[in-house]
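Open the model in your viewer and keep the selection panel at hand. The stops below go from strand to sheet to helix.

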Amino acid sequence: MSYLAGIWRIEHESARTEGGFPMAKASRRAIDEEIREGARMILAARYAIALTGAGMSVESGIPPFRGPGGLWTKYGEPPMNGFQRFMADPKKAWEERLSKRNDELFKPLTVARPNPGHLALVEMEELGVIRFVITQNIDDLHRQAGQKALAEIHGNWTLIRCLDCTTRFHRDEIDLEKLPPACPRCGGLLKSDTVSFGEPIPTDVLNMCAEHSAKADLVIVAGTSATVYPAAGFALEVKQRGGILIEVNLYESEITQYCDVSLRGGSAEVLPRLAKAVAEMRREALS
Ligand SMILES: [Zn+2]
């Protein structure tokens, strides 16, 4: 599946299966023994990483794109050739983006804060059991939570990226008086860091993901049905090498069949239980 088809699909999936909308089936909650089983696997892993997606954003109050109440349902879908349109007329693309700055489209991103799931991943990073997080979310929440080893595979909405030298700048660092803005470092063309439809994923991010997933022997897949490439590929590749997949999701998804443990529930509920079990079991082992 192409990346484009992939992202199209996840947004559909996230609305249907991760947003807790009426179409979604009710599902049971992970029991403590399943949580402890997941924790045991994480503690036994040499190099555990996590892959996170839209479900985690939804739990921080960011609406999904599709489905009832979805942003695209209300405001229309962005063009599938967004990147080509940007390249054809960067000035116009910037003007359009800036005119939407205070829209309802951006408001949920502005007010969203990390949820207990984001904080649990940071706790496990601090315990040294999670080595890297790959997120498909653009909401900045893993950074706000304090995650250090992180790749935002679809970019970060608070950043601006140079298409020539790939340096990222905080939006406050860039003068948007003259559009399109130029890179302060190399003079190149600047674009929002959020990866547009049709835009290649920046190679520095892809390389980071490849490097860490090559070392990984366990992936926690949280809040995503992991059907978006290339992100999904990193998780499935670990599985193909004999690694372990632990799913944290409200609902069964396409990846469930490949998972060694499926923990049913929202990330904001399950990940803190998992982090607590990891910390407790490690203390027990050390005492
Ligand atoms: Zn540059």
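Select β1 first. A48, A50 and T52 on one face are buried, and so are I49 and L51 on the other, leaving both faces of β1 covered. Here a residue is buried if 20 or more other C-beta atoms lie within 10 Å of its own, exposed if 12 or fewer, and partly exposed in between, with C-beta atoms placed from the backbone. In a regular strand the side chains alternate between the two faces of the sheet. Five of the five residues of β1 are buried.

Before moving on, note the ground rules. This is a predicted model: local features need pLDDT of at least 70, side-chain atom pairs count only at pLDDT 80 or more, and totals for chains, interfaces and linings use all residues. Residues are numbered from 1 along each chain as its sequence is written.

**The whole chain**

Colour by secondary structure. The protein chain has twelve helices and nine strands. These are DSSP runs, numbered from the N terminus: helices are H or I with at least four residues, strands are E with at least two. Of the 287 residues, 42% count as buried. Among contacts with a separation of 6 or more, 73% are between residues 24 or more positions apart. Two residues are in contact if their C-beta atoms, placed from the backbone, lie within 7 Å.

Five bridges pair β1 with β2 in the parallel sense. Look for L51, which stands opposite I134 in β2. Turn to β7: five bridges join it to β1, again parallel. There, T52 has A222 as its bridge partner. Two strands pair if DSSP finds at least two bridges between them.

Axes are lines fitted to C-alpha atoms, for helices over the stretch in contact, and angles run from 0 to 180 degrees between N-to-C directions.

Go to β8, residues 244–249. Four bridges join β8 to β9, and the two run parallel. E247 faces S262 of β9 across the pairing.

**The core**

Which residues have the most contacts inside the largest nonpolar core? Select I134, V219, V221 and I246. That core has 48 residues. A nonpolar core is a set of buried Ala, Val, Leu, Ile, Met, Phe, Trp, Tyr and Cys residues joined through C-beta atoms within 7 Å. Centre on I134. Beyond its neighbours within four places in sequence, I134 is in contact with I49, L51, A151, I153, C209, A231 and F234.

**The three-stranded sheet**

Move to β4, residues 159–162. The sheet here is open, has three strands in the order β5-β4-β6, and pairs antiparallel. β5 (168–170) and β6 are its edge strands, each pairing on one side only. The twist averages 35° from one strand to the next.

Pick R161. R161 has K191 as its bridge partner in β6, and R161 stands opposite R168 in β5. Both faces of β4 are covered: L159 and R161 are buried on one side, I160 and C162 on the other. In the hairpin of β4 and β5, five residues lie between the strands, and T166 takes a positive phi near 60°.

**The loop at T194**

Follow the chain from β6 (190–192) towards α10; T194 lies in the loop between them. Is T194 buried or partly exposed? T194 is partly exposed, because 18 other C-beta atoms lie within 10 Å. Not counting residues up to four places away in sequence, T194 touches I138, H154, G155 and W157. The C-alpha atoms of T194 and N156 are separated by 5.3 Å, though 38 residues apart along the chain.

**Helix α12**

Finish with α12, residues 267–286. At 1.5 Å a residue, its 20 residues should span 28 Å, and the end C-alpha atoms are 28 Å apart, which agrees. That expected span is 1.5 Å times one less than the number of residues. The buried residues of α12 include V270, L271, L274 and V278. Among the elements covering the buried residues of α12 are α2 (32–44), α8 (116–126) and β7 (218–222).
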